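Please take a look at the model below. A short report on its fold, packing and confidence comes after it.

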Amino acid sequence: MGRVQDDGSTEADAVGTEANTARDAQRRSRDVVWSQGAALAPLFFFGMSVPANVVLAGAPAPIGDAVTTWMVLGAFSFVVFFALAALSFVGAARLRSAHGPLGRWLVSIAAAAAMLVHAGVVFSVVESVAVPATRSPDSWAPKLNANAAALVVFPYIAAAAANVYVLIRLWRRHRAPRDVRAIGPGTDPRASTPR
């Protein structure tokens, strides 16, 4: 048994608490990286689709049409994704500070809203291919076939999945015992083990 300190805890308790604090800081840091990456992905993708559209202007129909559609969708959704990225970055800054719960809520709102936008884009692209009558004749995007539509929706599905993962990371419970001495006879040690 370790030496007892002034507050009645042992050195082992202090080391365990420091280890838990370090693990929590690492996990929060990874949460911040994931949330910022998921928030920036649509903006980065739009930024890459503009030069790709210039380079692949004469590409075969599925690739050229997909790149053009990415650029058009990115241009029309830029303001929404920029606002969601800003909200996510504010929340990520709060996650790093002492205001963790507020940060988790802000990042969660941004990630959930981004998922809805991604799902809306996927639905509209699939609907324009599956039900061609719903496509506007004044649309700026090219008419897509099934192969081009699959290429178009793939990054939006991946981005939605990244946001789902961010939400799971943020809301998964990590319950570690705050005080090892609190687990005594008659208590269930499984209730306080990390999950």
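This is a predicted model: local features need pLDDT of at least 70, side-chain atom pairs count only at pLDDT 80 or more; totals for chains, interfaces and linings use all residues.

Residues are numbered from 1 along each chain as its sequence is written, and side-chain values use heavy atoms, with hydrogens and water left out.

**Fold.** The chain has four helices and zero strands. Helices here are DSSP runs of H or I with at least four residues, strands are E runs of at least two, and both are numbered from the N terminus. The order of elements is α-α-α-α. Of the 195 residues, 30% count as buried, meaning under 20% relative accessible area with a 1.4 Å probe and protein chains only. Contacts are heavy atoms within 4.5 Å. Among contacts with a separation of 6 or more, 65% join residues 24 or more positions apart.

**Helix 4.** This helix holds 26 residues, 146–171. Its expected span is 1.5 Å times one less than its number of residues. A kink of about 30 degrees sits at V153, shortly before the proline P155. The bend is the angle between axes fitted to the seven residues ending there and the seven starting there.

**Cores.** A nonpolar core is a set of buried Ala, Val, Leu, Ile, Met, Phe, Trp, Tyr and Cys residues joined through side-chain atoms within 4.5 Å. The largest one has twelve residues, including W70, V121, L144 and Y156. Helix 2 (61–96), helix 3 (100–130) and helix 4 each supply at least two of its residues. Helix 4 gives the largest share, five residues. Another core, of ten residues, lies apart from it and includes A38, A92, A162 and L170.

**H118.** Is H118 buried or exposed? H118 is buried, with a relative accessible area of 2%. This residue lies in helix 3. Beyond four places in sequence, H118 contacts P42, F81, Y156, A159, A160 and N163.

**Confidence.** pLDDT is the predictor's confidence in each residue, from 0 to 100. The chain mean is 78, and 72% of residues reach 70 or more.

| Stretch | pLDDT | Contacts beyond four places in sequence |
|---|---|---|
| Residues 174–184 | under 50 | 19 contacts |

Terms used
Buried means under 20% relative accessible area, exposed over 50%, partly exposed in between (1.4 Å probe, protein chains only).
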